[in-house]
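Trainee: Could we go through this model together, setting each value against its definition before drawing a conclusion?

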Amino acid sequence: MKKINSINYGGKIIGVGLMIMFVIPGMLMLINTILNFDVILMLSRLLFLIGAVILICFTVHLLIEFHQDKKVDKYYSKHRNVKIKINDGKYECGACGSRNIGPNDDFCNTCGCKYEQAEDKKPQEILDGNEK
Ligand SMILES: [Zn+2]
């Protein structure tokens, strides 16, 4: 399964869901106190349900993401002596966080830890690999 990362769109989905579930139906109900059309009442109830479905689906999506994060976190807590690839071809020490690591270094020149593998796995590889 693909690694989920909702940090960039999670807030927007919750906002849209709440808007469809409460804000728009609330405005329609307000308008309907004047107009009193059954169609507007039905529309606001339908929107409430659509908003609820969006929020329920997103909650499930979030629970899957949290489960994946837990798995990745567990992997990292057992494999601290790795170098993690960051931008510009540089690496970060998994043990101390030093960013002074080159692609060919096999130990950290800040904390001295020896890396157990050349390069760390990406979260997607951890999920695909079924790591314990
Ligand atoms: Zn280090």
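Mentor: Of the 132 residues of the chain, 10% count as buried, where buried requires 20 or more other C-beta atoms within 10 Å of the residue's own, exposed 12 or fewer, and partly exposed lies in between, with C-beta atoms placed from the backbone. This is a predicted model, in which local features need pLDDT of at least 70 and side-chain atom pairs count only at pLDDT 80 or more, while totals for chains, interfaces and linings use all residues. Residues are numbered from 1 along each chain as its sequence is written.

Trainee: What is the mean pLDDT of the chain, and where is confidence lowest and highest?

Mentor: On pLDDT, the predictor's confidence in each residue from 0 to 100, the chain has a mean of 90, with 95% of its residues reaching 70 or more. Confidence is lowest in helix α3 (residues 123-129), at a mean of 83, and highest in α1, at 97.

Trainee: Which pattern does the chain follow along the sequence?

Mentor: The pattern is α-α-β-β-α, that is, three helices and two strands, where helices (H or I, at least four residues) and strands (E, at least two) are DSSP runs numbered from the N terminus.

Trainee: How do you know that the span of α1 agrees with its number of residues?

Mentor: The expected span is 1.5 Å times one less than the number of residues, so the 26 residues of α1 should span 38 Å, and its end C-alpha atoms are 36 Å apart, which agrees.

Trainee: Which residues of α1 are buried, and what do they pack against?

Mentor: Gly17, Ile20 and Pro25 are buried in α1, and the buried residues of this helix pack against α2.

Trainee: Why is Asn36 called exposed?

Mentor: Asn36 has 9 other C-beta atoms within 10 Å, so by the cut-off already given it is exposed. Asn36 lies in the loop between α1 (10-35) and α2 (38-78), and its phi is near 55°, a positive value in a residue other than glycine. Most residues other than glycine have a negative phi.

Note on methods
Contact = placed C-beta atoms within 7 Å.
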